[in-house]
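Hi everyone, and thanks for coming. Let me put the sequence and the model on the screen, and then we can walk through a few places together.

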Amino acid sequence: MSKQYYLTLDLKADDQLIAEYEEMHKAVWPEIIESIKTSGILNMEIYRTGNRLFMIMEVNEDFSFEQKAAMDAGNEKVQEWETLMWKYQQAVPGAKPGEKWMMMDKIFQL
């Protein structure tokens, strides 16, 4: 059985940086793809409108954000990717220092 999470993050409001960010995601490093898959993420999609990003993550029953964070902290390539991505990203209003992708609350379902 899988579960879905919905997250948001902003990009810096700079057309050139946004274009670069999208280009980077056309060829995500293989080590990053592998780290995503081995953490229990079954599917991940990112959408953009303006400088706002929206991510849908489908995960298996073993997935946890804490375990993913611990795996990422020990992965040099993931840390390199995250540092590079922060060139393009900025926290959404209301995020605490160091928070990037923020969980979204479901407010309606049909």
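Helices (H or I, at least four residues) and strands (E, at least two) are DSSP runs, numbered from the N terminus. This is a predicted model, so local features need pLDDT of at least 70 and side-chain atom pairs count only at pLDDT 80 or more, while totals for chains, interfaces and linings use all residues. Residues are numbered from 1 along each chain as its sequence is written, and side-chain values use heavy atoms, with hydrogens and water left out.

L110 sits in the segment after β5 (102-103). Is L110 buried or exposed? L110 is exposed, because its relative accessible area is 94%; the word exposed means over 50%, buried means under 20%, and partly exposed is in between (1.4 Å probe, protein chains only). Together with I107 and F108, L110 forms a nonpolar patch on the surface, with about 500 Å² of accessible area. Such a patch is made of residues with over 30% relative accessible area and no salt bridge; nonpolar side chains (Val, Leu, Ile, Met, Phe, Trp, Tyr) are joined within 5 Å, and like charges within 9 Å. The areas come from the Shrake-Rupley method with a 1.4 Å probe, and for residues only the protein chains shown count as cover.

Now for helix α1. Which residues of α1 are buried? They are L17, I18 and Y21. These residues cover an arc of only 100° around the axis, so they lie on the same side of α1; the arc is that of the directions from the helix axis to the C-beta atoms. Their cover includes β1 (3-11), β2, β3 (52-59), α4 and β4. On the face turned away from that buried side, α1 carries the exposed residues D15 and Q16. Have a look at the N-terminal end of α1 too: D14 caps it, with a side-chain oxygen 2.9 Å from the backbone nitrogen of Q16.

Next, the charged pairs. How many salt bridges does a search of the whole structure find? It finds seven, where a salt bridge is a side-chain nitrogen of Lys or Arg within 4 Å of a carboxyl oxygen of Asp or Glu. One of them joins K87 and E20, whose closest N and O atoms are 3.5 Å apart. This pair links distant parts of the chain, 67 residues apart: K87 is in the loop between α4 (76-85) and β4 (89-90), and E20 is in helix α1 (residues 15-24). Another pair is E82 and K100, at 2.8 Å from N to O. Because E82 lies in helix α4 and K100 in the loop between β4 and β5, that bridge ties together parts 18 residues apart in sequence. E82 counts as partly exposed at 31%, whereas K100 is buried at 18%.

My last stop is S39, in the loop between α2 (30-38) and β2 (41-49). S39 is buried, because its relative accessible area is 5%. What does the side chain of S39 reach at 2.7 Å? It reaches the backbone oxygen of I36. Leaving aside neighbours within four places in sequence, S39 is in contact (heavy atoms within 4.5 Å) with F63, K68 and M71.

How values were computed. A polar contact is a pair of N or O atoms within 3.5 Å; within protein, one must be able to donate a hydrogen and the other to accept it, and residues adjacent in sequence count only if both atoms are side-chain atoms.
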